[in-house]
Amino acid sequence: MKICEICGLPEDLCVCEEIAREIQKVKVYTVRRRFGKLMTIVEGIDEQDIDIKVLTKKLKAKCACGGTAKKGQIELQGDHKRKVKEVLSELGFSSNTIEIK
């Protein structure tokens, strides 16, 4: 059985990712891209603590949209600010640290 180097618990009981989710300062905002299309940007998630690709996949599924993870931020097609905050809260991120602009 492997032991987590950070928290000292067995890997199947490791709480490092849950703790990391609670202290992340996440910003959610929209920008206009080519042809007037809106993109929702989620940034401030530390890639060392949280698997950003898995999180992107979950957000895309919950928001029913396309998107990608680039340069440490998540880009979702369309305006999904409110839905993203709900989904991140469900996934264990503290709603106090999620800032919507």
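How many bridges join β3 to β4, and do they run parallel or antiparallel? I looked this up in the predicted model. Four bridges join the two strands, and the strands run antiparallel.

**The β3-β4 hairpin.** I checked the turn next. Two residues lie between the strands of this hairpin. K71 has a positive phi there, near 50 degrees. Across the pair, I found A69 opposite I74 of β4.

**The other partner of β4.** I then turned to β2, residues 38-43. Four bridges join β2 to β4, residues 73-77, and this pair is antiparallel. I noted two facing positions. V42 stands opposite I74, and M39 stands opposite Q77.

**The whole sheet.** I traced the strand order as β3-β4-β2-β1-β5. The sheet is open, has five strands and shows mixed pairing. β3 (67-70) and β5 (98-100) each have a single partner strand, so one side of each lacks a neighbour in the sheet. From one strand to the next, the twist averages 20 degrees.

**Helices on the sheet.** I looked at α2, residues 52-63, which lies across β3 and β4. Helix α2 runs at about 20 degrees to β4. Helix α3, residues 81-90, also packs on the sheet. I listed its contacts as β1 (26-32), β2, β4 and β5. The direction of α3 makes about 175 degrees with that of β5.

**Burial of β4.** Last, I asked how many residues of β4 are buried. Four of its five residues are buried, under 20% relative accessible area. β4 is therefore largely enclosed by the rest of the structure.

Technical notes:
Residues are numbered from 1 along each chain as its sequence is written. This is a predicted model: local features need pLDDT of at least 70, side-chain atom pairs count only at pLDDT 80 or more; totals for chains, interfaces and linings use all residues. Side-chain values use heavy atoms; hydrogens and water are left out. Two strands pair if DSSP finds at least two bridges between them. Axes are lines fitted to C-alpha atoms, for helices over the stretch in contact, and angles run from 0 to 180 degrees between N-to-C directions. Contact means heavy atoms within 4.5 Å. Buried means under 20% relative accessible area, exposed over 50%, partly exposed in between (1.4 Å probe, protein chains only).
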